[in-house]
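Visitor: Please put the model on screen. Then walk me through it.

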Amino acid sequence: MPTESILHAIPLERPGTNRELMKLTRRQLLSRTVAVTGSLVLGSSFIAASNAAWAVEVKALKPESMATLIQMARDIYPHDNFSDALYAAAVKGHDDKAAEDAEFKTLIEDGIAALDKAAQDAGHANYLATGWESDRTAILRSLESSDLFQTVRGGLVVGLYNQPEVWAKLGYEGSSFDKGGYLYRGFDDISWL
Amino acid sequence: MSAPFDKNDDSVVVIIGTGAGGGTLANELAQKGISVVALEAGGRHLPQDYLNDEWPSFSQLAWTDMRTTSGSWRVATDFPNLPAWIVKAVGGSTVHWAGASLRFQEHEMRVKTEYGDIEGANLLDWPITLADLEPYYDKAEDKLGVTRTHGIEGLPGNNNFKVMKAGADKLGYKDCHTGRMAINSKPRNGRASCQQLGFCFQGCKMGAKWSSAYTEIPYGEATGNLEVREHAHVLQIEHDDNGMISGVMYADQEGNRHVQKCRIACVAGNSIESPRLLLNSASTMFPDGLANSSGQVGKNYMRHMTGSVYAAFENPVHMYRGTTMAGIITDESKNDPSRGFVGGYEMETLSIGPAFMAAFLNPGAWGREFSSAMESYSRMAGMWLVGEDMPQEKNGITLSEEKDQFDMPVANVHFDDHPNDIAMRNHAYQQGMAVYDAVGATQTYPTPPYPSTHNLGTNRMSEKPEDGVVNKFGQSHDIANLFVSDGSQFTTGASENPTLTIVTLAIRQADYIAEQMNSKAL
């Protein structure tokens with residue numbers, strides 16, 4: 001799959017933002033919890049932050065697979081000041097697509113099985129349980145040409161970096177016309193030169 | 001007769017495309033009292049519609065109909081169906097352009113003479129000189145309101161410019177300023193002044209930047225002599241038994257086909273669509289496509305030597321605040337073969353938002369090196385490098401196996417860098433990084449070319465009919481009432497952003513067409 005094939009089909013609607021993720025109280029979360037791994041809580045049809053800050057409903061993929069996609073997304077474009085919610089929003093579309101497209105669901109689930117197999121071959125329980133980022137990225141490098149990797153990375157270019165919450169984290173101010181542009185708001189305010 | 005015109009009215013001039021070339025030509029002819037039908041494949045978007053949001057704006061404006069690519073250029077790998085980043089809308093790519101308006105240099109009109117024979121390059125001197133263009137450059141600069149010409153004040157420098165200027169000064173560059181820009185520094189000719197929005201590429205919501213969408217087109221329409229048909233996607237140009245153009249066939253938004261008869265047809269669909277249309281119009285009389293007795297239609301495609309340098313600094317820059325192309329260093333645009341290549345390049349500030357940065361900084365890259373670069377976004381400065389590339393006969397537009405929504409073969413865009421292009425890019429990267437290193441860059445990012453914004457040369461102008469497609473007025477060597485009115489008529493590309501020269505050629509061509517019509521030569 002061409003790496004940036006997103007750019008010719010261009011569905012380019014903004015991906016689900018974390019505002020659209022489920023809101024759960026900690027009590028609700030704990031009552032629905034069936035498994036815990038890493039910083040994520042897995043339910044039968046959802047995954048959530050262990051502090052209940054956010055949760056995402058999983059429609060077609062296994063909750064473990066969605067948790068793996070979120071970890072993969074962070075390992076591909078690691079930003080330590082981004083919450084998992086931003087990565088969850090960026091990969092949520094794969095679950096939506098898997099719900100409508102069985103072939104795509106297989107691509108994702110088989111890809112994740114291969115990822116876990118590669119982790120096991122490297123002496124880890126699975127991808128999620130691989131402790132160091134460098135060990136996980138080594139696994140990803142070995143599968144860089146796989147459909148799973150290409151799909152996830154290609155989707156992240158827009159899925160992650162087109163979120164206004166991400167722009168704010170990166171220090172970008174977004175739309176300016178509605179604020180009168182930058183003529184009186186610091187277009188030439190550089191002071192360190 | 002006034003607009004709208006009947007499809008059987010064969011007295012009209014049909015112009016295909018409404019961008020820098022077509023839009024300007026349409027207005028110039030309409031002002032002279034000539035009846036014009038302009039066929040525009042896209043819809044009409046005006047400043048109130050433009051979006052300060054990169055991807056949604058791209059969806060609104062960009063030409064995303066299928067195209068294919070081949071060749072060793074990286075765009076063919078990273079963006080195989082997006083060889084060019086140009087606009088499908090009334091106003092064409094003048095909606096999207098940054099506004100840089102530079103005249104060609106004298107030697108750039110005669111590069112075969114100046115550079116000599118270069119292996120693999122299909123160099124040719126233009127059949128006109130800078131002196132021929134100067135009076136028209138004057139008119140074009142006045143029309144566009146180009147800063148630093150005609151007594152128009154320059155724009156103020158933004159943060160991105162200030163970083164470039166400080167670096168340029170440290171390196172000893174002499175000619176660095178806020179550019180000659182078709183962006184109003186003061187209200188002028190009904191257009192507002194720049195409020196430093198930072199979204200020049202998404203369409204200027206102030207209307208401070210010149211675009212034919214809200215100048216030439218409505219001015220022409222106001223005369224009653226210009227009719228613009230939107231969503232009129234031209235499929236073929238038709239000719240009569242004498243080999244003269246008789247009409248233009250197009251599909252409307254519903255896919256219904258129509259033929260507009262005409263006295264003259266002018267092709268201004270840019271350097272990808274214009275040759276594609278001539279090739280798709282092949283007939284028994286013209287089996288290789290229209291205007292193609294030379295075999296040069298679609299060949300010698302140029303896209304400028306480009307690349308970008310972004311740099312991260314310790315402290316904030318906020319490069320995205322203010323005009324996208326906020327300043328220029330012109331010192332490297334001379335021809336100085338001692339640098340290891342012929343021709344020259346301009347260094348122009350550039351900024352893209354994080355959404356586009358993620359797609360274009362280093363397509364395909366991932367991991368902490370990439371995300372660390374993204375995290376430096378607010379501390380980043382950036383520049384675009386744009387220089388003369390070598391015309392090569394093998395680079396060009398051919399008809400693909402793939403068909404478009406109207407069942408017409410799409411354009412395949414083939415491009416390989418010439419060794420001269422590569423040597424120039426490497427030099428430009430080094431100099432660009434040196435500019436930023438001189439003011440304390442902590443990281444520099446030599447960024448590969450984006451999908452092409454400057455598409456040139458595929459119906460080139462030549463003195464002799466065997467060397468090119470059109471004569472010195474953009475008139476087909478083969479078919480007298482067929483003109484090319486866009487950047488595809490460029491013989492060579494020069495180092496300057498092409499829009500001002502496209503507008504200049506269109507104004508000159510309008511005078512010629514009017515004269516030919518008056519004298520009944522056409």
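**The interface of chain A and chain B**

Guide: The contact (heavy atoms within 4.5 Å) takes 48 residues from chain A and 54 residues from chain B. This is a predicted model: local features need pLDDT of at least 70, side-chain atom pairs count only at pLDDT 80 or more, and totals for chains, interfaces and linings use all residues. Residues are numbered from 1 along each chain as its sequence is written, chains are lettered from A and ligands numbered from 1 in the order in which they are written, and side-chain values use heavy atoms, with hydrogens and water left out.

Visitor: How far apart are the closest N and O atoms of Arg368(B) and Asp80(A)?

Guide: A salt bridge needs a side-chain nitrogen of Lys or Arg within 4 Å of a carboxyl oxygen of Asp or Glu. The rule finds 4 across this interface. For Arg368(B) and Asp80(A), the distance is 3.1 Å.

Visitor: What is the strand order of the open sheet in chain B?

Guide: Strands are DSSP runs of at least two residues, helices (H or I) of at least four, both numbered from the N terminus. Two strands pair if DSSP finds at least two bridges between them. The sheet has 3 strands with mixed pairing, in the order E3-E15-E14.
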